[in-house]
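Hi,

Here is the structure I promised to send over.

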Amino acid sequence: MATKTLEMISLKKDPTNFERIKINSSNDSANYIRQFYGDDLEIFESFFILLLNRQNKTIGYAKISQGGVAGTVVDAKIIIKYIVDTLASSVILCHNHPSGNLTPSTQDLEITKKLSHAAKLVDSQVIDHIILTPDSYYSFADNGII
């Protein structure tokens, strides 16, 4: 009988430069996550997650996807895998809008709701979803969406 092996997905972090900090606000989240984007912030949309422990200290991050100028694909199974593998108590979702528009799209709202529900199933929670632009950010938590 042939067996298949599942390739391990690992956190994309370099222990030598991964600063573990406490996240106290959406501003902390936006500023911290901004370091993971290079010059591509204005070129194509990318989706990251920031994983936190019970004290809201960062324990890892991962780039989930990179798309085109108007969107990217987000797979809930991959995000839940990272949450479970790191035993994260909470997660902050983040993606950028290369257009500079801070208004969440219908798709942004739908994926946030889907991921919030999925995280609860593994005793974790989505505590914010940040939309980044070069000069600003939008927080779902600050605006009462989460």
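Which helix gives the largest share of the lining of the largest pocket? That is helix α3 (residues 106–121), with three residues. (Helices are DSSP runs of H or I with at least four residues, strands are E runs of at least two, both numbered from the N terminus.)

Before the rest, a word on the source: this is a predicted model, where local features need pLDDT of at least 70, side-chain atom pairs count only at pLDDT 80 or more, and totals for chains, interfaces and linings use all residues. Residues are numbered from 1 along each chain as its sequence is written, and side-chain values use heavy atoms, with hydrogens and water left out.

Back to the pocket (an open set of points on a 1 Å grid over the protein atoms alone, with protein on both sides within 12 Å along at least five of seven lines; lining residues have an atom within 4 Å of a point). Its lining has 19 residues, and E45, G71, S105, Q107 and D108 lie nearest the centre.

Then there's strand β3 (residues 90–96): seven of its seven residues are buried, meaning under 20% relative accessible area with a 1.4 Å probe, protein chains only. S90, I92, C94 and N96 point one way from β3, while V91, L93 and H95 point the other way.

β3 pairs (at least two DSSP bridges) with strand β1 (residues 46–52) in the antiparallel sense over six bridges, and I49 stands opposite L93. With strand β4 (residues 125–132), β3 pairs in the parallel sense over seven bridges; there, I131 is the bridge partner of H95.

Cheers

Notes: 1 Å grid on protein atoms, 1.4 Å probe; cavity = no way out; pocket = protein on both sides within 12 Å on 5 of 7 lines; lining within 4 Å. Buried < 20%, exposed > 50% of the residue type's maximum accessible area, 1.4 Å probe, protein only.
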